[in-house]
Amino acid sequence: MPCISLRCFPNSAVGIPLGLGGQAILWKNLELWPLLEDVAVVCEAIQRMFWVACLSMLVTFLAIYAAKARMHPDVVKKELQHPIRFNFFSGPNMAVCMLSLALPTSLNEKSDLLQATWTFSFAYQLCTAVIIYQRWLYRSMASDTAAPPYLLSLVCWFFLATLGSPAQIDSAVGLPLRAMCFGIGTFFYVFVLPFILIGIYTGRSEAGSPALFLTIAPPSVAA
């Protein structure tokens, strides 16, 4: 019998707002596509629907997981210590970046809001990345545990590089932070991808698993 209690609520459920956020970004780009100029209003309405849905699901996820952390701290502690599960804690940060990139066009000119969001996301990413990469190199050893979810933390770097453009973060800080984010993401992607592919070949990762799409997520976002 499947467990339906709060104790069994997975941190991988953050994938729901991530999927909605991806749709919001897609429809925002379609809204600006010249070939769809005649139906731009419809595209904008759909884009807003996905944006609101993403925000709602992210808030819902955070509320449920906060309740889980309050009632079942032992389970959350195990997820924090797990070499693969911990990578899903990058999910909320990815959702925040997606919401910022998919902001309705009427809010695009608020660079102060985007800069504040970028700063928060960068700080969050830096904290989680230090823990994750330290585990890769010194504790769990990426060669033994590497799996597609490892790439979740890398996608955030490319989202930050992309979000840095509308946020005008380089000119605001006076440093090439976008290039730095892109470089860090690329370096660790090249470092860990061979271990993931070896894991697929040896059977450590299940062939045909939907999680395998994460192997192309970093370069897709970077492009």
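Author: Helix α7 covers residues 152-167, and at 1.5 Å a residue its 16 residues should span 22 Å, which agrees with the 22 Å between its end C-alpha atoms. The expected span is 1.5 Å times one less than the number of residues. Helices here are DSSP runs of H or I with at least four residues, strands are runs of E with at least two, and both are numbered from the N terminus. The model is predicted, so that local features need pLDDT of at least 70 and side-chain atom pairs count only at pLDDT 80 or more, whereas totals for chains, interfaces and linings use all residues. Residues are numbered from 1 along each chain as its sequence is written, and side-chain values use heavy atoms, with hydrogens and water left out.

Helix α7 is mostly covered, with 13 of its 16 residues buried; buried means under 20% relative accessible area, exposed over 50% and partly exposed in between, with a 1.4 Å probe and protein chains only. Just after α7, Gln168 adopts a positive phi of about 55°.

As for the setting, the protein has 10 helices and 0 strands. Of its 223 residues, 42% count as buried. Among contacts (heavy atoms within 4.5 Å) with a separation of 6 or more, 78% join residues 24 or more positions apart. The accessible surface, from the Shrake-Rupley method with a 1.4 Å probe and only the protein chains shown counting as cover for residues, comes to about 11,700 Å², of which 70% belongs to carbon and sulfur atoms.
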